[in-house]
Amino acid sequence: MRTARCGSALLRTKKHRVTNFIRDKKDLDYTPLPDIFHDVFGHIPYLAIPQYARIIEKFGRAMLHAKTEADRSKLVSLGWYGYEFGLIKENGEMKAFGTGLISSQGELENAFSENVLKLPYDAEIVSNTPISAHEFHKKLFVLENLDQLEEVVDRWL
Ligand SMILES: [Fe+2]
């Protein structure tokens, strides 16, 4: 699971792991593994936004506090469809937000295509939506704003 690989324990301590893996040329459009481009171009610049950094730290803390595998799975989905592959509204316009989208041209094009169902980021629905790192998404979720994602993770702390 990509979110788990992002290192919950490190996130909780406000440190973000960065891989040294670089995707193969044939995987430019899509890589099943987060690579250095995903981490450095995707996550790291966002961490300069205090609210984003706080949200990431809270997800890490929530993962460590989760008592059951079912709860961890829900948190993984909430993060996956939030900061990894979420869409977000900005001035009424839908924008790419998740680092898995902004670090993958193929995922980005897919996200805005008619192939993908875009649904409101409803925590109950999102938390019960399985993730898959092995195919383009057929369903993504749209956050109203960062406050919404922070309110969601706050319920797990
Ligand atoms: Fe990531």
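Helix axes are lines fitted to C-alpha atoms over the stretch in contact, and angles run from 0 to 180 degrees between N-to-C directions. Helices are DSSP runs of H or I with at least four residues, numbered from the N terminus. The model is predicted: local features need pLDDT of at least 70, side-chain atom pairs count only at pLDDT 80 or more, and totals for chains, interfaces and linings use all residues. Residues are numbered from 1 along each chain as its sequence is written.

**Exercise 1.** Determine how H4 and H5 are oriented to each other.

*Solution.* Step 1: the two axes come within 10 Å and cross at roughly 165°. Step 2: angles over 145 degrees count as roughly antiparallel, and H4 and H5 are therefore roughly antiparallel. Step 3: on the H4 side, Ile 55, Ile 56, Phe 59, Ala 62 and Met 63 meet Arg 72, Leu 75, Gly 79 and Tyr 83 of H5 (contact: C-beta atoms, placed from the backbone, within 7 Å).

**Exercise 2.** Determine how H4 is oriented to H9.

*Solution.* Step 1: H4 and H9 pack with axes 9 Å apart, at an angle of about 20°. Step 2: H4 is therefore roughly parallel to H9, a class that takes angles under 35 degrees. Step 3: the H4 residues in this contact include Ile 55, Phe 59 and Ala 62, and those of H9 include Leu 149 and Val 153.

**Exercise 3.** State which residues Phe 59 touches.

*Solution.* Leaving out residues up to four places away in sequence, Phe 59 touches Leu 11, Leu 75, Gly 79 and Val 153. Leu 75 and Gly 79 belong to H5, while Val 153 lies in H9.

Note on methods. Contact = placed C-beta atoms within 7 Å. Helix = DSSP H or I, 4+ residues; strand = E, 2+ residues; numbered from the N terminus. Parallel < 35°, antiparallel > 145°, perpendicular 65-115°, else oblique.
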